[in-house]
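Subject: Structure handover

Hello,

Here is the structure for you to look over. My notes on it follow below.

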Amino acid sequence: MPQLSVRNLDEETIKRLKALAKQHGRSLQGQVKIVLEEAATLPANEVSAIVEKWQRRFAGKRFSDSARILREDRQR
C-alpha cells in the first residue's frame, strides 16, 4: 500500500487530530487516514475551495529543505 508523509503541519493541527483520534479510540495514523479518505470524497468545488484557502495561507512563504535538516540531525 502506498505511503504518504506530510511535513510542516501546525502543532495545533496535530493536537486536534490527536484529540479526535483519542475521542474515536483510534491511533493518530488511523484518524489521519479517515480524515484523508473523507476529504477525498468531497465534491470538486468544495475541494477547490479548500485548496485555495491553503494556497492563500502559504502564499509567499518559503520552507526549508527537510532532507538537509534530517542529514544534519543524523550527523550529530
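First, a term: a salt bridge is a side-chain nitrogen of Lys or Arg within 4 Å of a carboxyl oxygen of Asp or Glu. By this rule the protein has 3 salt bridges.

Two remarks on the source. This is a predicted model, where local features need pLDDT of at least 70, side-chain atom pairs count only at pLDDT 80 or more, and totals for chains, interfaces and linings use all residues. Residues are numbered from 1 along each chain as its sequence is written, and side-chain values use heavy atoms, with hydrogens and water left out.

**Overall layout**

The protein has 4 helices and 0 strands. Both kinds of element are DSSP runs (helices: H or I, at least four residues; strands: E, at least two), numbered from the N terminus. The order is α-α-α-α. The C-alpha trace spans about 45 × 35 × 30 Å along its principal axes. The radius of gyration is 16 Å, whereas a compact globule of 76 residues would have one near 11 Å. That radius is taken over C-alpha atoms, and the globule rule is 2.2 Å times the number of residues to the power 0.38.

Buried residues make up 5% of the 76. Buried means under 20% relative accessible area, exposed over 50%, partly exposed in between (1.4 Å probe, protein chains only).

**The salt bridges**

- Glu-12 is partly exposed, at 40% relative accessibility.
- Helix H2 (residues 28–39): Glu-37 and Lys-33 are 4 residues apart, again about one helical turn. Their side chains meet at 2.8 Å, N to O. Glu-37 is partly exposed at 41%, and Lys-33 is partly exposed at 44%.
- Helix H4 (residues 66–75): Glu-72 and Arg-68 are also 4 residues apart. Their closest N and O atoms are 2.8 Å apart.

Why does this spacing work? An α-helix has 3.6 residues a turn, so residues three or four places apart point the same way.

**Helix H3 and after**

H3 (residues 44–58) has 15 residues and should span 21 Å; its end C-alpha atoms are 21 Å apart, which agrees. The expected span is 1.5 Å times one less than the number of residues. Just after H3, Gly-60 has a positive phi of about 80°.

**A surface patch**

Leu-4, Val-6, Leu-9 and Leu-36 form a nonpolar surface patch, with about 380 Å² of accessible area together. Patches take residues with over 30% relative accessible area and no salt bridge; nonpolar side chains (Val, Leu, Ile, Met, Phe, Trp, Tyr) are joined within 5 Å, like charges within 9 Å. Areas come from the Shrake-Rupley method with a 1.4 Å probe; for residues, only the protein chains shown count as cover. Val-6 sits in the segment before helix H1 (11–23).

Best wishes
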